[in-house]
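Let us go through this fold in questions and answers. The sequence and coordinates come next.

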Amino acid sequence: MNYKFATKAIHAGQEADPTTGAVMTPIYQTSTYQQKAPGDHKGYEYSRGTNPTRKALEDCLAALENAQYGLAFSSGMAATDCVLRLLKPGDEVVTGDDLYGGSYRIFTKVYEPLGIVFKFVNTSDLEAVRSAITDKTKLIWIETPTNPTLKIADIEGIGKIAKEHNIRYAVDNTFASPYLQNPMDLGADIVMHSVTKYLGGHSDVVMGALVMNDEELYKQLWFYYNACGGTPGPQDAFLVLRGIKTLHLRMRAHCENGRQVAEYLKNHPKVEKIYWPGFTYHPGHELAKKQMKDFGGMVSIVLKGADLQETFRIASNFKVFTLAESLGGVESLINHPATMTHGSIPKEIREKVGVVDNLLRLSVGVEDAEDLIADLEQALAY
């Protein structure tokens, strides 16, 4: 049957354990599997390659993104690295100029020295993407919404450009989650997630994932997945399966709280600029309405007249929001991108796209919205 999202989140990839009838997928805490004879086994040989708990998660992730195949990794960066292994020296990648710092770091510090060329453009501008393409371009890699200034890229529009030029197209869907948008339906070849964030949802797992529809591409990526070994253990896979069962409920709460927080901050005297795609004046608002179910729980603000010391002082004064790396957990987090998540990007480069020293990124959790707003009020009054 063609189940709706909530049903897939709870059931996809998971069946009652045939031995005991256990409803929850068991944690198969094993490194290896018995073979009746060499090569005669039940589909599992060694847990670096595959594991029943992880396979259930991979099938669930694929279903949530309306894809055929899923691969789970030990981190989002391991998933990103796996895609980049498809490239060869001289190949070019068109990617965003407003990008997660870890992605920028692996692009420029690991793969650029190996001869891969990265072109950083404003991916909310289709012509900027199109004009960056040459006959050497082999991959388009985008985030939408972007981290941390929440630009919106036209997933379907870029997909058409990629198809015209026969270029592989990958979308980092971490900020939206599969509940809010499904890039596979809009032309993506690969969707990447930092599963650590909304999919896990409880700040207790580090994991990444890739999903895709093309069988040959899946086989290529599975080869690197198995050969290079960046695969997660069954305990983490179990925790994410459990987290996903409430993804639809959590995302509704994240979106509603994000809306209330953004509305509160919009006219705050200490806020110079606010980034949230739910505002009608956000440049990507209409596009976000078209390709997303809601506007998400991520909000970024630039503090009016604050230097680095003042920004640090305010960021350290929250009581409910926790000053920490990451995002997407049930608890609200506050982050200083310039020195935390985007610290690996040179100052002059990050400031060009708005990642200034007085910018704070809020991951709005699922606490009571009144308590979150009261916390913002007291911290900004500090």
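Q: How many bridges join S9 to S12, and in which sense do these strands run?
A: This is a predicted model: local features need pLDDT of at least 70, side-chain atom pairs count only at pLDDT 80 or more, and totals for chains, interfaces and linings use all residues. Residues are numbered from 1 along each chain as its sequence is written, and side-chain values use heavy atoms, with hydrogens and water left out. Strands (E, at least two residues) and helices (H or I, at least four) are DSSP runs numbered from the N terminus, and two strands pair if DSSP finds at least two bridges between them. S9 and S12 are joined by five bridges, and they run antiparallel.

Q: Which residue of S12 stands opposite valine 299?
A: S12 covers residues 359-363. Valine 299 has its opposite number in that strand. The residue is leucine 362.

Q: In what order do the strands of the five-stranded sheet lie?
A: The sheet is open, with mixed pairing. S8 (271-275) and S10 stand at its edges with a single partner strand each, so one side of each is left without a neighbour in the sheet. S8 pairs with S9 in the antiparallel sense over four bridges, and S11 is joined to S12 by three, also antiparallel. The order is S8-S9-S12-S11-S10.

Q: How many residues of S12 are buried?
A: Buried means under 20% relative accessible area, exposed over 50%, and partly exposed in between (1.4 Å probe, protein chains only). In a regular strand the side chains alternate between the two faces of the sheet. On one side of S12, Leu359, Arg361 and Ser363 are buried; on the other, Leu360 and Leu362 are. The count is five of five.

Q: Which strands and which helix do the buried residues of H12 pack against?
A: The buried residues of H12 (308-315) are Glu310, Thr311, Ile314 and Ala315. Seen down the helix axis they fall within an arc of 135° (taken from the directions from the axis to the C-beta atoms), so they line one face of H12. Their packing partners are S9, S10, S11, S12 and helix H14 (369-380).

Q: Which residue caps the N-terminal end of H12?
A: A side-chain oxygen of the capping residue lies 3.3 Å from the backbone nitrogen of glutamine 309. A polar contact is a pair of N or O atoms within 3.5 Å; within protein, one must be able to donate a hydrogen and the other to accept it, and residues adjacent in sequence count only if both atoms are side-chain atoms. The cap is aspartate 307.

Q: Which strands stand at the edges of the seven-stranded sheet?
A: This open sheet has the order S1-S7-S6-S5-S4-S2-S3, with mixed pairing. Each edge strand has a single partner, so one side of each is left without a neighbour in the sheet. The edge strands are S1 (69-73) and S3 (117-121).

Q: At what angle does helix H4 run to S3?
A: H4 (101-111) lies across S2, S3 and S4. Axes are lines fitted to C-alpha atoms, for helices over the stretch in contact, and angles run from 0 to 180 degrees between N-to-C directions. The angle is about 150°.

Q: At roughly what angle do the axes of H2 and H9 cross?
A: The two axes come within 8 Å. Contact means heavy atoms within 4.5 Å, and residues making it include Thr53 and Leu57 of H2 and Phe238 and Leu241 of H9. The angle is roughly 35°.

Q: Is threonine 80 buried or exposed?
A: Threonine 80 sits in helix H3. It touches Ile106, Phe107, Trp141 and Met192, not counting residues up to four places away in sequence. At 0% relative accessibility, threonine 80 counts as buried.

Q: What separates the C-alpha atoms of serine 74 and alanine 237?
A: Serine 74 is in the loop between S1 and H3, and at 30% relative accessibility it counts as partly exposed. Serine 74 and alanine 237 are 163 residues apart along the chain. Their C-alpha separation is 9.7 Å.
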